[in-house]
Amino acid sequence: MDMTDTRFLGSEPTTAGALEVIGIRKDFESFSALRDVHLRVNPGEMLCFLGPSGCGKTTLLRIIAGLETQTAGQILQNGKDVSWLPPDQRDYGIVFQSYALFPNLTIADNIAYGLVNGKVKKAEAKARVEELLKLVGLPTSGSKYPSQLSGGQQQRVALARALATRPGLLLLDEPLSALDALERIRLRGEIRRLQRQVGITTIMVTHDQEEALSMADRIVVMNHGVIEQVGTPMDIYERPATPFVADFVGKVNVLHGYALGGNLFRVGDMELQCDACDIGFEPGDEVNLYLRPEDRLVENLAHDTPNRMSALVSKVEFLGGLCIAEVTADALHGQSLGLHFSLNQLHDLDIREGNRIEIALRANRIRAFCSRTARP
Amino acid sequence: MNALARPYPSAPMAAARPGMRWSRDDLIARGVLLAIMAMLFTFLIAPLFTILVNAVQDRDGAFVGLAHFVTYFQTPSLLRAAWNSIWVASVVVMISVPTAFVCAYALTRTCLPAWFKGTFKLVALIPLLAPSLLSAISFVQWFGNQGAFKALLMGASIYGAPGIILAEVYNTFPHALMILVTALSLADGRLYEAATALRTPPWRQFTTITLPSCKYGLISAVTVVFTYVVSDFGAPKVIGGNFNVLSVDVFKQVVGQHNFSMGAVVGMLLLVPSILSFVIDYTVRRKLKAQLTARSVPHIPKPRRLADSLLATTCVLVGTLLLGTIGMAFYTSFITLWPYDLSLTLKHYHFALIESDMAAAYGNSLIVAISTAIGGSLIVFVGAYLIEKSRGLVAMKRAMHLMAVLSMAVPGLVLGLGYVMFFNHPANPLNGLYQTMAILILSMIVHYYTSSHLTAVTALKQIDNEFEAVSASLKVPFYKTFMRVTVPVCLPAILDIGRYFFVVSMASLSCAIFLYSPETILASVAIMHLDDAGDIGPAAALASLIVVTSIVVCIAYSLLTRVLLVRTQAWRNLRRG
């Protein structure tokens, strides 16, 4: 797998994107919120901007919506330059974290808000509202007021309102953050289903990696105003392009060592084999090796299984069906690893505090990054 | 490793950065905002600036630098007025604020019955509806040369500092009370529970929890009361006698001696304490707000027999004094001639409303108050909306907000003085406005802009910030959303603003004193003239009429509001179902 490919665009640059972000920069008085951001959004896809707060993801969404003004750069929508158009002359529907439903209008009036504006006949608007109410699973709630609905229901109404005018692009700004955990998970699936059903190109901003992994076609991981990686959820998780992505998405163990050349790295007394590294290091380069908690072998180990070691279980954290065991290998000079085990494995393999176990680190899963600089 | 390969060329750096194109919506929003700013500039900043110019010019318009200020400070009689203003205001603060604090404490931290608290609040708030002249007239009747309790003074005269102090304590009491009630209701119950659990005696709880928690409220009350007294004109005019204070001095210099330069100098001096306390109050209020947003559990008072009954007694006493003051004014308006002929009569009302040459005053006041209520709430709410919710133009919005907040720092007398100098100038194209109803209404709107503006801003901050973004994405112009959503949601606040404008402009004197003509004379000004002429009965009649009008309007307003809210705000108190 070519790494540069996963970091940028999944699609070939010849097809015109539904939306193209070209060299967008946003400078505030004291800092840069976005630094030269390039991005292409494919027609019909669900794209997630993922990153910690302050990474610039919401600013980028608001620039796409025309709610903020970029310092430099261009936005093309279906090939048309919309960079300097005010929001009401762009083509999108938007849903905010706060729902932003008009509290004094009924649900039906909220959904019809953009339809009533002269262009659509009354009967037609009414039919459309009913269709949308059915689409979001609230067929009988048209005459209620927003305060009578639960958070999740309100957010579905906001979604229906945004879709009512059949925009070419749907923008979702942290749509699930205000909801409680259960509703969040329920609505995740629902939004995804709706988006597929309508086939609308969608950009969602979130700081919740699980949300991004479960909903997106592609994820854009952002940090400090730059894009760290663009890729499918699987790409992002399995082949993080930078230490930041590895750290931010999913859990990860970090081992310090140095390169021996080829795909071999020394950590403590061990020579670790790392098949996933496709970029050459000079022997002696200091590296950090990144390993996910589940990327260990414990069963059916052979003598020649690469990266095999004996480790002491120093702590077991019981979390239910899936638990974390902290193990320390002498061979790694005391660097410890947090590893996932199912509850059954804990029992079957007798993994308890103070016990020794044999493990092997999956050679095709370890990612190596230069440790000298924060970002390679 | 991992050299950043860029699939796109970098966007060309435009030399001149293009701005967001203006849509028709932006154009409308910015145009309206500009118009409101122009109004505030013309009717607030420009007049103030004219005062400054006048203070450094002689009668022929030549620049004389600080000569007038030097003259002022070398004239002992003038200087004395400044000193008088300061010490009288300080004494009023020392009486009004502690009394208000005790009463506010009784209202918020005792188990006195709700009807008791409600009644006291009503009585205590009446002074807000009265022109500041009313209490002075009352105290003249109680303690003046023919006063009912003149003997109590043991030969001393009420005219002068004692009268001003009494009248201003009455006038400022509700202002201090409202601020302190707000401050005291912010108590965090958890602190008291923790203190009790630690066996802290009540007195120590009071000094270590209660007092610190309303520190900002106390500071705010002090500055508000102080500024009120320094800039009030009505009470010292009626009961001040030969005791000179700054505000009366401005009037004397300008109206009596036509000495505009000296008037301007005194006006500038009058601005100093106002601006100072404005800055203090503004900083303190921000901290108060920060306290408000903190999450706390409301404090529920426990019955304390001794403290409760002592506090109740105080409230009864204060309430009686307040009622005695307003009652005397009412009584005076209905009797033939104090103290010789106490037979009841309506002749003072007849005189004030029909016979006198100021008969138009009451009607004029009604027209001004209604117009101010309607025009003011419209302008203030639209202005606040555009500041809060429109896109871009950050610098312009800041300037607008500053002007809106600044108006509070300008005493009405100074504003009126500025109008005289600015609009009365022959070269001013708006010269025709001078002495019309229009300028009276505009002066009221500008003078009372700040409180209304802050009410509107608070209401607007409570509604979702993204309504405008949503309606833009749905291609609905912002003004439609404004009419269909923002106004209905903020209706209670808008109605509040309208009522406030009505009540304050009905009673306002200092702003109008320089601006009326015989045709446009207002009731508050007429009261002053009637009192000057010795017609104390008709003066009391007109003052009582103002109070009654405002009370009636407030009651009508609350009924109307209730009906309106039931009809338009059905969405408000719904439960999930």
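This briefing walks through selected features of chains A and B. It's a predicted model, where local features need pLDDT of at least 70 and side-chain atom pairs count only at pLDDT 80 or more, while totals for chains, interfaces and linings use all residues. Residues are numbered from 1 along each chain as its sequence is written, with chains lettered from A and ligands numbered from 1 in the order in which they are written.

**Chain A overall**

- Chain A comes to ten helices and 20 strands; these are DSSP runs numbered from the N terminus, with helices being H or I of at least four residues and strands E of at least two.
- Its C-alpha atoms fill a box of roughly 75 × 45 × 35 Å along the principal axes.
- Of the 376 residues in chain A, 46% count as buried (20 or more other C-beta atoms within 10 Å of the residue's own; exposed is 12 or fewer, partly exposed is in between, and C-beta atoms are placed from the backbone).
- Take contacts in chain A between residues at least 6 apart in sequence: 67% of them join residues at least 24 apart. A contact here is two C-beta atoms, placed from the backbone, within 7 Å.

**The six-stranded sheet in chain A**

- An open sheet of six strands runs in the order β6-β7-β8-β3-β9-β10 (chain A), with mixed pairing; two strands pair if DSSP finds at least two bridges between them.
- β6 (93–96) and β10 (226–231) of chain A sit at the edges with a single partner strand each, so one side of each has no neighbour in the sheet.
- From one strand to the next, the twist averages 15°.
- β3 (residues 46–50) and β8 (residues 201–206) of chain A run parallel and are joined by five bridges; A:Leu50 has A:Thr206 as its bridge partner in β8(A).

**Strand β7 of chain A**

- Five of the five residues of β7 (residues 169–173) of chain A are buried, so this strand is largely enclosed by the rest of the structure.
- In a regular strand, side chains alternate between the two faces of the sheet.
- A:Leu169, A:Leu171 and A:Asp173 point one way from β7(A), A:Leu170 and A:Leu172 point the other way, and all are buried.
- β7(A), helix α6 (residues 181–198) of chain A and β8(A) form a right-handed β-α-β unit (with the strands pointing away from the viewer, the path from the first strand over the helix to the second runs clockwise).

**A loop residue in chain A**

- A:Trp84 lies in the loop between β5 (80–81) and β6 of chain A.
- A:Trp84 has 17 other C-beta atoms within 10 Å, which means partly exposed.
- A:Trp84 and A:Thr69 are 15 residues apart along the chain, and their C-alpha atoms are separated by 7.8 Å.

**Helices in chain B**

- Helices α19 (residues 449–461) and α22 (residues 491–507) of chain B pack at about 175° with axes 9 Å apart. That makes α19(B) roughly antiparallel to α22(B) (over 145 degrees; under 35 is roughly parallel, 65 to 115 roughly perpendicular and the rest oblique).
- The axes are lines fitted to C-alpha atoms, for helices over the stretch in contact, and angles run from 0 to 180 degrees between N-to-C directions.
- Among the residues that meet are B:Thr455 in α19(B) and B:Tyr500 in α22(B).
- B:Ser544 is in helix α24 (residues 536–568) of chain B and counts as buried, with 23 C-beta neighbours inside 10 Å.
- B:Ser544 and B:Ser333 are 211 residues apart in sequence but 7.4 Å apart C-alpha to C-alpha.
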